[in-house]
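Good morning, and thank you for joining.

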Amino acid sequence: MVLYILKRFFMMIVTILIIATLTFFLMHKIPGSPFDEERTSNPAIQENLERFYKLDQPVSVQYVHYLKSIATFDFGPSIKKPNETVNSLLARGFPISLELGLVTILVAIISGVILGTFAALRHNGIIDYLAMTFAVIGISVPNFVLATLLIQKVAVDWQLLPPATWSSPLHMILPTFALATGPTAIIARLTRSSMLEVLTQDYIKMARAKGLSPFRIVTRHALRNALMPVVTIMGTMLAGILTGTFVIEKIFAIPGMGKYFVDSINNRDYPVIMGTTVFYSAFLVFMLFLVDIVYGFLDPRIKLHKKEGDV
């Protein structure tokens, strides 16, 4: 287990380094400069700005400074907000984005598993058809389209919920619903198909023959194994939800990292773009590592064996 963790840790470092390197060089390939809007007739001002942010140095030297900032977790000041550092933006915006992401994934898991389980238990019934219809709609409609419709109908026309910001639990309902619909549909479909397969297994038939209640058979025996495909996609789904919050945050004017990230791209704010990308990459790679650990808890058959020929 220790060797496995060390290998996974090494792979995480390599993955983050590759992402950071690609982000750095792609940013420097974009035409133009972060100071295009501030260009003046005095070239000395332009030179001072570039010298302050080390943009006057060769790309290789900038890359070394960039790697040092990653190692020390100090991404420097924002170009467009000189009084703000990237670290302070992360400290202020990431908790809000994380809260939205965690609430969304919690809602998606609970509702998706319940919906998929009932669809499997009522196979080819009205509940099954309604659940799968919702799943198709949830997967087909993009979350930004759904968010726009929710704001127009629920917030503006019907005035049932506030349309924007993030200041109370009521403000969380619309963005959470818009963001959770797609993942809920995916989880429901996976749970349904996996549950239908599990319910035909011999150990389920044995549990029924022993006289166990249907509730106990589903919750204690069937559901645990049926959740394996769901756990498999949790890492990538969490990544999709957390990065998908950027668009939803912009639509609902939520003061999370989405606002800073989108603005930084438009303004070519290199430190914010690269710092945010590296931070989210590290966080999401770590989440994928946790998924592997959860796998072992859900299915005791999954063990780490030393392959023949390994040193």
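Helices here are DSSP runs of H or I with at least four residues, numbered from the N terminus. The model is predicted, so local features need pLDDT of at least 70 and side-chain atom pairs pLDDT 80 or more, while totals for chains, interfaces and linings use all residues. Residues are numbered from 1 along each chain as its sequence is written, and side-chain values use heavy atoms, without hydrogens or water.

I begin with the pocket. Helix 3 supplies the largest share of the lining of the largest pocket, 5 residues.

I turn to T276, which belongs to helix 12 (residues 270-298). T276 is buried at 2% relative accessibility, the term meaning under 20% relative accessible area with a 1.4 Å probe, protein chains only. Contact means heavy atoms within 4.5 Å; leaving aside neighbours within four places in sequence, T276 is in contact with L90, F246, M257 and F261.

S264, in helix 11 (residues 257-267), likewise counts as buried, at 3% relative accessibility. Not counting residues up to four places away in sequence, S264 touches D269, V272 and I273.

Conventions:
Helix = DSSP H or I, 4+ residues; strand = E, 2+ residues; numbered from the N terminus. Buried < 20%, exposed > 50% of the residue type's maximum accessible area, 1.4 Å probe, protein only.
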